[in-house]
Amino acid sequence: MVDSIIRLRDEGAELYAVVWGWDYGPPERRYYLIYEVESGAGRAIAVNESGIAGVYYGCRLSPAGLVWFWTASGDAITYMPAEIGH
């Protein structure tokens, strides 16, 4: 997982949005820190109360596509960087 996060840095990742949503449905909600890399692809880091829960390389989705994926259930909350002081 550490290597995946280091690769994000190497890809020039910039924060795109933070989504508070379900991980493939209940019971656990997570924060998804969604990044855009230099190629335009989306990447995400899932964080729960225990720490980093996963790193997602987007299955070729754009950052907007990843936001849509985790908000498709309709009850997720999306924070854009300007709203979180980035």
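This is a predicted model: local features need pLDDT of at least 70, side-chain atom pairs count only at pLDDT 80 or more; totals for chains, interfaces and linings use all residues.

Reader: Let me step back a bit. How many helices and strands does the protein chain have?

Author: There are two helices and five strands. Reading from the N terminus, the elements follow the pattern α-β-β-β-β-α-β.

Reader: What is the order of the strands in the sheet?

Author: The order is β4-β3-β2-β1-β5, in an open sheet with antiparallel pairing. Strands β4 (51–56) and β5 (77–79) are the edges: each has a single partner strand, so one side of each has no neighbour in the sheet. From one strand to the next, the twist averages 20°.

Reader: Nice. How many bridges join β3 to β4?

Author: Five bridges, and the two strands run antiparallel. β3 and β4 also form a hairpin, with two residues between them.

Reader: Which residues in β4 do Val47 and Ala44 stand opposite?

Author: Val47 stands opposite Ile52, and Ala44 stands opposite Tyr56.

Reader: Changing topic to packing. Which residues make up the largest nonpolar core?

Author: That core has 11 residues: Ala17, Val19, Tyr32, Ile34, Ala44, Ala46, Tyr56, Leu66, Val67, Trp70 and Ala76. At least two residues come from each of β1, β2, β3 and α2.

Reader: Which element gives the most to this core?

Author: Helix α2 does, with three residues. Apart from this core lies another one, of seven residues, among them Leu15, Val37, Ala41 and Ile45.

Reader: Let's zoom in on one core member. What is Val19 in contact with, leaving aside its neighbours within four places in sequence?

Author: Its contacts are Arg30, Tyr31, Tyr32, Ile34, Val67, Trp70, Thr71, Ala76, Ile77 and Thr78.

Reader: I always like aromatics. How many aromatic pairs does the structure hold?

Author: Five. One of them joins Trp20 and Tyr31: the ring centres are 4.4 Å apart and the planes are at 40°, so the pair counts as tilted. Trp20 lies in strand β1 and Tyr31 in strand β2, so this pair ties together parts that are 11 residues apart in sequence.

Reader: What about Tyr32 and Trp70, what kind of aromatic pair do they form?

Author: A stacked one, with 4.0 Å centre to centre and 15° between the planes. This pair links distant parts of the chain, since Tyr32 is in strand β2 and Trp70 is in helix α2, 38 residues apart. Both Tyr32 and Trp70 are buried.

Reader: Which residues do ring pairs link into a cluster?

Author: Tyr32, Tyr56, Phe69 and Trp70.

Reader: Tell me more about Phe69. Where does it lie, and how accessible is Phe69?

Author: Phe69 lies in helix α2. Its relative accessible area is 35%, so Phe69 counts as partly exposed. The C-alpha atom of Phe69 is separated by 9.8 Å from that of Gly21, and these two residues are 48 apart along the chain.

Reader: Last topic, some totals. What percentage of the residues count as buried?

Author: Of the chain's 86 residues, 35% count as buried. The chain exposes about 5,200 Å², with carbon and sulfur atoms supplying 55% of that.

Reader: And what share of the contacts with a separation of 6 or more comes from residues 24 or more positions apart?

Author: Those residues account for 46% of such contacts in the protein chain.

Reader: Great, thanks for the tour!

Conventions: Residues are numbered from 1 along each chain as its sequence is written. Side-chain values use heavy atoms; hydrogens and water are left out. Two strands pair if DSSP finds at least two bridges between them. Helices (H or I, at least four residues) and strands (E, at least two) are DSSP runs, numbered from the N terminus. Axes are lines fitted to C-alpha atoms, for helices over the stretch in contact, and angles run from 0 to 180 degrees between N-to-C directions. Buried means under 20% relative accessible area, exposed over 50%, partly exposed in between (1.4 Å probe, protein chains only). Contact means heavy atoms within 4.5 Å. Accessible areas come from the Shrake-Rupley method with a 1.4 Å probe; for residues, only the protein chains shown count as cover. A nonpolar core is a set of buried Ala, Val, Leu, Ile, Met, Phe, Trp, Tyr and Cys residues joined through side-chain atoms within 4.5 Å. Rings of Phe, Tyr and Trp (its six-membered ring) pair if their centres lie within 6.5 Å; planes under 30 degrees apart count as stacked, over 60 as edge-to-face and the rest as tilted.
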